[in-house]
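Thanks for coming. I will walk through one structure today, starting with the whole chain and ending with single residues.

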Amino acid sequence: MMVEKFAGFGFCKAHAATYADISYRMAYLKTHHTAEFLAAMCSAGAGFYHVSAYVEEAKRWGVAVRLPSVNHSRMEYTAEDGEDRKRALRVGLMQVRGLRVETITAILRARGEVNEFRSLEDFLRRVPVERDEIESLIKCGAFDEVCDMTRPELLWQWNLLQADKGAHTRASVAMGVGQAFLPVVFSTEEKNRQTRMSVPQYTIEQKLKYEREILEVCVSGHPLDFLPRNGEAWSDELPGLRGKRVTLCGWVVTYRHVGTKNYRNMMFVTLEDQRGVYEVVLFPDAYDRYGSLVFETRTMRVTGRVEQDGQIKGEKLEALKK
């Protein structure tokens, strides 16, 4: 009876109507314009989770996710045509760590004024970029669609061009001429072919490593793809395992501290695997033993009992290593 009376005034009806309308609109967009909806979410930094969680959700929904590209990405995330007439999600240049807004603006301006970039040399002619920025762009795959060179080959070419540029600069100083009289810094295409070093492409593990470091999202796979499994359950199996003790592998998405009435700490930890997201509750005793592990690693093995609401009452956490 008390709850029924409270419902009459405890939540503003105008707010309830507004939230219902927003929820309906978002559900419609999520269903019928999935890639556009996710692009807007990732670009705005909206939602409860880190952007990486929405990228993984896109994969689970069947939306192809594409790496940032100096030829195709904009500042923000965008939706573009994919295979089989499906829309794909393109990671924006804003996601590249250390890439200045001025550099992104210069890339977009150069691309719009002339055309797409044809090579690394063409890019360097048209865009002023710092060393750490160009290395990050190469390592995260932003030049993969520019030419047929592997990322290590592009890094080799970049260092070769820098050495060539340094030699020309030293020569100009010795001759007493200014920058305007320097010879052409960049090699010709023929010289490029002659000096090209054949280096294998990064392995999937190396690609994921650089994507995690530079983009903070994994496009080429999932962080757990190359970590060991030993018969652990999957997150999408939890509804059928209520009341049972389970072990899962997980990648920490977010966590939240809560204080108890006895002034002890507990924690809600949200994790994901390749199939979905799940939540683990660490009550005070479990938190005292394992809570610090959440700050030390993002990959872990979780053991606990599945509650009726689908949460896992955490009993043990272990760092998951190769």
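**Surface, packing and a few residues**

The protein chain has an accessible surface of about 18,300 Å², and 53% of that belongs to carbon and sulfur atoms. Accessible areas here come from the Shrake-Rupley method with a 1.4 Å probe, and for residues only the protein chains shown count as cover.

Before going on, some ground rules. This is a predicted model, in which local features need pLDDT of at least 70 and side-chain atom pairs count only at pLDDT 80 or more, while totals for chains, interfaces and linings use all residues. Residues are numbered from 1 along each chain as its sequence is written, and side-chain values use heavy atoms, with hydrogens and water left out.

The protein chain holds 12 helices and eight strands. Helices (H or I, at least four residues) and strands (E, at least two) are DSSP runs, numbered from the N terminus. Of the 322 residues in the protein chain, 43% are buried. Buried means under 20% relative accessible area, exposed means over 50%, and partly exposed is in between, with a 1.4 Å probe and protein chains only. Taking contacts between residues at least 6 apart in sequence, 57% join residues at least 24 apart; contact means heavy atoms within 4.5 Å.

Now a helix pair. Two packed helices are described by the angle between their axes and the distance between the axes. Helix H2 (residues 13–32) packs with helix H3 (residues 34–44) at an angle of about 120 degrees, and their axes are 5 Å apart. That makes H2 oblique to H3. For the terms, axes are lines fitted to C-alpha atoms, for helices over the stretch in contact, and angles run from 0 to 180 degrees between N-to-C directions. Under 35 degrees counts as roughly parallel, over 145 as roughly antiparallel, 65 to 115 as roughly perpendicular and the rest as oblique.

Which residues in H2 and H3 meet? From H2 there are Met-26, Leu-29, Lys-30, Thr-31 and His-32, and from H3 there are Thr-34, Phe-37 and Met-41.

Next, the aromatic rings. Rings of Phe, Tyr and Trp (its six-membered ring) pair if their centres lie within 6.5 Å; planes under 30 degrees apart count as stacked, over 60 as edge-to-face and the rest as tilted. By this rule there are five aromatic pairs. One of them joins Phe-123 and Phe-143 edge-to-face, at 5.0 Å centre to centre with 85 degrees between the planes. Phe-123 sits in helix H6 (residues 120–126) and Phe-143 in the loop between helix H7 (131–139) and helix H8 (151–175), 20 residues apart. Both Phe-123 and Phe-143 are buried.

Tyr-255 and Phe-295 are also edge-to-face, at 5.2 Å centre to centre and 80 degrees between the planes. Here Tyr-255 is in strand E4 (residues 245–259) and Phe-295 in helix H12 (residues 293–296), 40 residues apart. Tyr-255 counts as partly exposed because its relative accessibility is 36%. Phe-295, at 47%, is partly exposed. Elsewhere, ring pairs link Phe-117, Phe-123 and Phe-143 into a cluster.

That brings me to Ile-107, in helix H5 (residues 101–113). Is Ile-107 buried or exposed? Ile-107 is buried, since its relative accessible area is 0%. Neighbours within four places in sequence aside, Ile-107 is in contact with Val-70, Leu-93, Phe-117, Phe-123, Val-127 and Leu-137.
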